[in-house]
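Morning, everyone. Today I'll talk about charge pairs and one interface. Please have a look at the slide.

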Amino acid sequence: MNIDPSAVQVARRHFLNECGIGLGKAALGSLLVGGMPRSNAADAVQSNPLAAKQPHFPGKAKAVIHLFMAGAPSHLDLFDYKPELTKLEGKPLPESVIMGQRYAFIRPDAAVMGPRFEFAKHGQSGLEIANVFEHLPKIADDICLIRSVKTDQFNHAPAQIFFNTGFSQPGRPSLGSWVLYGLGAETEDLPAFVVMSTGAGISGGAANWSSGFLPTLYTGARLRNQGDPILNVASPDGIDSEAQLASLDAVNKLNKQRLAMIGDPEIATRIANYEMAFRLQSSAPNLMNLKEESAETIAMYGCEPDKPSFARACLLARRMVERGVRFINIYHEGWDAHSDVVGNHKGNLKATEQATVALVQDLKRLGMLDSTLVIWGGEFGRTPMIESNASLGRANGRDHHPQAYTMWMAGGGTKAGFQYGKTDDLGFHVVENPVHTHDLQATIMHCLGFDHERLTYRHAGRDFRLTDVHGSVVKDLLSPSAILGTSATPS
Amino acid sequence: MQNYRKITGVMLVMLTGFASADDSVSYSRDVRPILSQFCFKCHGPDELTRQGGLRLDHSESAFGPGDSGAIAVVPGSVDKSELVRRIASHEDDVVMPPATSKLTLTDTQKDVLKQWISNGAKYEMHWAFESPKKAEPPTVHDKLWNQNAIDRFAYSKLTELGLTPQHPGTPYEQIRRVYLDLVGLPPNAEAADQFAANPSEAAYEKIVDDLLQSPDYGERWARKWLDLARYADTNGYEKDKARTIWPYRDWVINALQNDMPFDQFTIAQLAGDMLPNPTLDQKIATGFHRNTMLNEEGGIDPLEFRFYAMTDRTATTGTVWLGLTMGCAQCHTHKYDPISHHEYYGMFALLNNADEPELPIPDKNAVAKKADVDRKIEELTFKLADRFPVPMETIWLVPEATNPQSAQGTTIALEANNIVRAQAPAKTTDSFTITLKVPAGSYDRLQLEALSDPALPSKGPGLTEHGNFVLTELTASLNDSPIKLTEASADFAQSGFPANHAIDGVPNTGWAIHGPGPWNVDRKLTVKFEKSLVLDGEQRLSVRLDHNFGSNHVLGKFRISLGKPVDNDVPVEVRRQELLTKRFDEWIQEQSLKVNTWEIANPVSATSTTPLLTILDDKSILATGDFKKADTYVVDFDSLPAGVTGLQLEAIPDERLPKGGPGAVYYEGPIGDFFLSEVTVSQKDQVLKINEASQSYASGGNIAAKCIDGDKQSGWSIDGGQRRRHVAVFKFEKPTDTAGPVSISMLCERWYAPGMGRFRWSYTTQPVGSANDLAMDVAKLLKSPVDRWTSNDRNLVMKAFLDRTPELAEARKEIDGLRDSLIPSLSTLAMRERPSNNPRVTYRYHRGEFLQPRDEVQPHTPLVLSDKTKQPTNRLEFAKWLVSPSNPLTARVTVNRAWEAFFGRGLVRTAQDFGYQGDSPTHPEMLDYLALDFIAKGWSLKKLHKQIVMSQAYRQSSEVRPESLAKDPDNRWLSRGPRVRLDAEVVRDQSLAISGLLSKKRGGPSVFPQQPANVTTEGTYGSLAWTVSSGEDQFRRSLYTFTKRTSPFALTATFDAPSGEACVARRDITNTPMQALSLLNDVTFMQAARELGKSTVNAKGDDHEKLADLFRKILVRPATKDELDALLDYYSHQRTRLKEGQLPANKIATDSTSENLTDADAIQRAAWTLVARVIMNLDEAVTK
């Protein structure tokens, strides 16, 4: 059963007046002086580990929406036009290009396959992309396209985990967790790091939004397509808002008596968390209530309000950013075109493109794009070589390719209408302005106001950071106002 | 946050009594932590990143000139020390640490360094690398605290710091704490009352002793160990498939329950397989390091992920036994601790020389069973002859079919065995005519077999989308004169479409087969003739099948046969013998044309790109060790004679292979299969051309011919035929010209490692037949004249016949079942030391990267901990070294973890790091005392646990006095009793226990308690249908819950339970709104509340008494008056709402639709359910 939003107001007043223990940020802080130093996170982040904090310098981005195109879209068919491949179609690449690269399914001597779509230029920026895009041209002058992204991993799970955590094995904190750890939350009514997904199952799984060795409260919260959007956010059947409130009241009243008796500040934290849980119970349905949106907006995203879809996730993401959610992952898994790259990519674009573009336009329209960093892309690229294997029923596909691929970002301090980096004539290697995964991570952290080398956490005897021991900020990608801060002094 | 650190630092200094930097500055305690954090990265053990030729972790280098000539540390002289000049400098290119490091020393830290130099810059060995020192516990004046060594150390520390201990906890507090800690379950009210009535030392000790003996103890402590072992029930990574390793989990439970000494416990888990004559249990124990993850994602390099598993094993071993962050030295020499890059791989090498098989766990009486089953199979096989099916009524003959015709022009054609097939798409209506060549004889009936086929729509037998058909009329004629049909029957007929509608002469009625259950299967229609047809010679009989129903209800595949009555005068046994003899003779005839006499080729050498190939006594070859995605085997044979016409390859099952072989596939692909991509045979560098291949069995289109097609992506495989012998035959284009040695190259290539496991080659000089799986001795007999067979020979061939002939398929099922019963149904993941002729070489990997192996590394342990001359050389010696007196760490680390389990934090607060970067022990003498005592008492964990829980330090009240909060905020000095949130599993188990739901069933496969199904399906690649266990399995203790790595059980994950992806030495203890939501709304807790609601209604007394009892069930102690008042108030308010129908009582009281409650009952139960829920949500309920 969902909580009636009006009950929250009642609850607030109730907690504040009658119980006398309204535990907003300030009150909580004062109650917890000297308390809670139970984990080293608590040591490090004062009393409330999710309290909003200042980054190292003022960042342009306050929120991030990461549209993770899991399975890895083909840069060669969508963004990085290589007519040379058409000329070489059917012939193997020279060994000097392959340089011992290992592949998942094909043999390195597989034949070249030319781009499967025509390309054209769009906007004032002259963004060159495939004609299969129907909507992307509309934001040609808003995005910052990077054709020189490279990674270390050529299998899905390790590469996805690498992109999100800076390390290819599960166990390290994800981008979203680092951001929460560094910036805290701006909402107490919703989880500050939310994960949504559509399409097939995600290869990297929960390790992609894990808090790793950071405390588990920095883990991404799944917003689910079935059942409760957030696990246990609905009260058990039959228990209405009033009963839930009365129960919380009783719980907190007794906890308060206990606090007075025992004096353990941890009890105060528990009291605050029950209050927050109750607010969450009402704000989650409120978030999901798309009736508040105009028909025009719904149509722009192309979603059905009650049906989970990538488009609905995009609209929800915008609503979350409005409500102070800090970091949002939307996974769309399904780009792994080992066979029929044309059919696969058309299908995935149909499911995602309109809403992706609508999201950027909508954020811009609402004046939120400057403070919201949108990231679009997969975990690696795809081979210039064809994948065809009769015994596996595969034809006209492409295998995994870590050396070069394309991503784009928009807003949050990145340059608008900008194209960056270059690959060789085969789209195989980066030849100009390489952007390694760790560089991208450093740049994203920079947009949020962090020096990626200084946002660290002591674990197992070492100060860990998102970028391990690598990465540098790609200032070329940043708008002039966002470059400021790179030489800021420690806070 | 740095500010916070500073404050803590200052506080520490104040509390430990060295307010300013005076002569009490200690290198270990005060100086090294600063040097380690700020300097060692560039001036420490790692020579590759060392700057200026200076290392500060060594006096020799620190006191000598660096590259610049300056001396960093001049003992006694602050002014002459370059270090002091550098840390004091404000110039960018002089100051240390440099600006690029983004580290700055505080003034206090600078003062400490200066004071240390001025005092003479004395270096000391790091405390943890020195052997524990025996210390006498100090005598303290408090009588109560002078009884247990722990208390004597603790009390004197408190006194030293000007703190006083708390008073002892109430009996209720003590008993609840010790129950939850020792067995992970709360005491019941009776046990608590008994203790409260007599809270004597003896009574408490009796409780402790009983708990240590309770089987709940093993389960409680196993869960803690499983965190370290990173135990889970799935493989991890993308596919995250289920694995069976719970026998290891049960081994841990039993070992801890039986208080197996920790040294033996260690040795069994690291090297149980290498002990002399290891028991099954000792082998199961080696599952410890098989809990690493296994990546089965398409196209991964299996050896790369094995490498990652090895780095995990090395790091985990370091964490669990040494308390060292070994993992830091994977990529380079440790930045802080004296562990070189080379030493890391030395320890890696000690663990690296094992294969990783599945260990079958046989039934206890497997040997006896096998003998018994073998005998039964032998018996039953010969008895098969007595079960050869004899027609009792009709003998069926399939006449040759010719000239199938379709009236509407549908493509219709004959296939082998006189089967007729009509091609989709069907016409709306159609009529087929078939002409049969019927030999002489007497016939009284006709049979139509409607045949299903995967190629038909919905598998047929009809051509409609759903596979149905309607046979509206069947007619037959002989020489154009119609045969009168009288009676039709079918093995199945659709309701409204009975068999006789096919011969009723009515054009729009007919026989059809749609029905309940699977109906896309073979069906038979039998039609009797009015009088027998008697044919003197062969005649043509024509059969017409009309399909007038419309909508494509046309038959797709069928066959027609004719029947004659059995001569019932001859006894059945005689007829059976005749028929069997006839079929046997025919079979011998058929087979003798197909089979070859194969001579086993004698292999002289067998090598491969990766696995070890061993030539066995029977001249077959076994592949063991590692496998890659592409491996080539080369086998050289002794001279073969001239005139060899072909070769036979036997793929042979073997219990040493995954799933019994014959392949070696162990991940991602079909386990136990192989994929043979190419076969090349050469003689004197001349390739012998193969132009034909056949096989006895193949999975799908992966036939043997694909081994000779030049395409490395295609090949032969046998999935579905694991544990059986299969044969492929390769025929040469022409017989060999000359005698001479032959070499065979076999490529096994796939996107997973698809090596052949065991195989044997043989040759023939006869014309080559097609492959079959007859044993070679039987084949030889079949090639020899039948009249020379001995009776034994005949028996052998008869057995082969009975084993294969299709008529006996049904009768053989019993035998098949017996064979299957011998397959061990249970196995677990284990380690197996490699044979001495196939050692695995370990390298130092540059930057810790799999693709950058450099110099070869011999097994050894870090020299800071061990004697250079006495190094372990293998896993077993290494395990023994870990628990030997010469290792200073294992006992301390183990004792510290135990301490942490009871007090929330260890005496060394960084339980996973005893190195330079870790915290120093709060009570160093106590830690050493306990470590030495632990060893002296035979490594007994139970004795250690008892020692801790008997202490006053542990039994104090956990009330936080202001003095204690101010001076000892996180209770590191033990100024109060531990007050810690319960472990995730205990939170759940407690709710099951107090509500009476808990099942005490122990051990066995993991179970699936209730949670929303989409937790393990939505958005996860390796999705798992979470089918909730039935009966008591829903309510087992949480350590039996199935742990899926990529989507762990939601309830326990919310309370910080680990996912099993990495070794966890210390769980975070968080306090979050998600935990509140879970306790309030999760189905498990609601279920428990309902049970409590129900039992409270039935309890004695008035509401007040009921409430008091309910409160005690959950929190053990009696409630205060304020608490009772608040809850009664809540209760009556909710009851009013329930009575007035504002709340649906039934819904709250029960989740069962079958339970019929009266309104009054429902209201009472609902009200108490709500009260129980409130109490279960109290902070105290989830805190010990």
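Which residue of chain A does K102(B) form a salt bridge with? E453(A), with the closest N and O atoms 3.6 Å apart. By salt bridge I mean a side-chain nitrogen of Lys or Arg within 4 Å of a carboxyl oxygen of Asp or Glu.

Ground rules. This is a predicted model: local features need pLDDT of at least 70, side-chain atom pairs count only at pLDDT 80 or more, and totals for chains, interfaces and linings use all residues. Residues are numbered from 1 along each chain as its sequence is written, chains are lettered from A and ligands numbered from 1 in the order in which they are written, and side-chain values use heavy atoms, with hydrogens and water left out.

Now the interface. Between chain B and chain A there are 10 salt bridges. In contact, meaning heavy atoms within 4.5 Å, are 94 residues of chain B and 89 residues of chain A. The buried area there is about 8100 Å². That is the accessible area (1.4 Å probe) that two parts lose on being put together, summed over both. Carbon and sulfur atoms give 53% of it.

Of its 1184 residues, 57% are buried. Buried means under 20% relative accessible area, exposed over 50%, partly exposed in between, with a 1.4 Å probe and protein chains only.

Back to pairs. Over all chains, the search finds 125 salt bridges. Why might such pairs form at all? Because side chains of opposite charge can pair when their charged atoms come close.

Take strand 28 of chain B. R758(B) meets D618(B) at 2.7 Å, N to O. R758(B) is in strand 28, D618(B) in the loop between strand 19 and strand 20, 140 residues apart. R758(B) is buried at 12%; D618(B) is partly exposed at 28%.

R760(B) pairs with E650(B) at 2.9 Å. This links strand 28 to strand 22, 110 residues apart. Here R760(B) is buried at 14%, and E650(B) is buried at 2%.

Last, chain A. R319(A) and E292(A) meet at 3.1 Å. R319(A) sits in helix 12, and E292(A) in the loop between helix 10 and helix 11. R319(A) is buried at 1%, whereas E292(A) is partly exposed at 46%. Both belong to a salt-bridge network that also includes R323(A) and D362(A).

Key:
Helix = DSSP H or I, 4+ residues; strand = E, 2+ residues; numbered from the N terminus.
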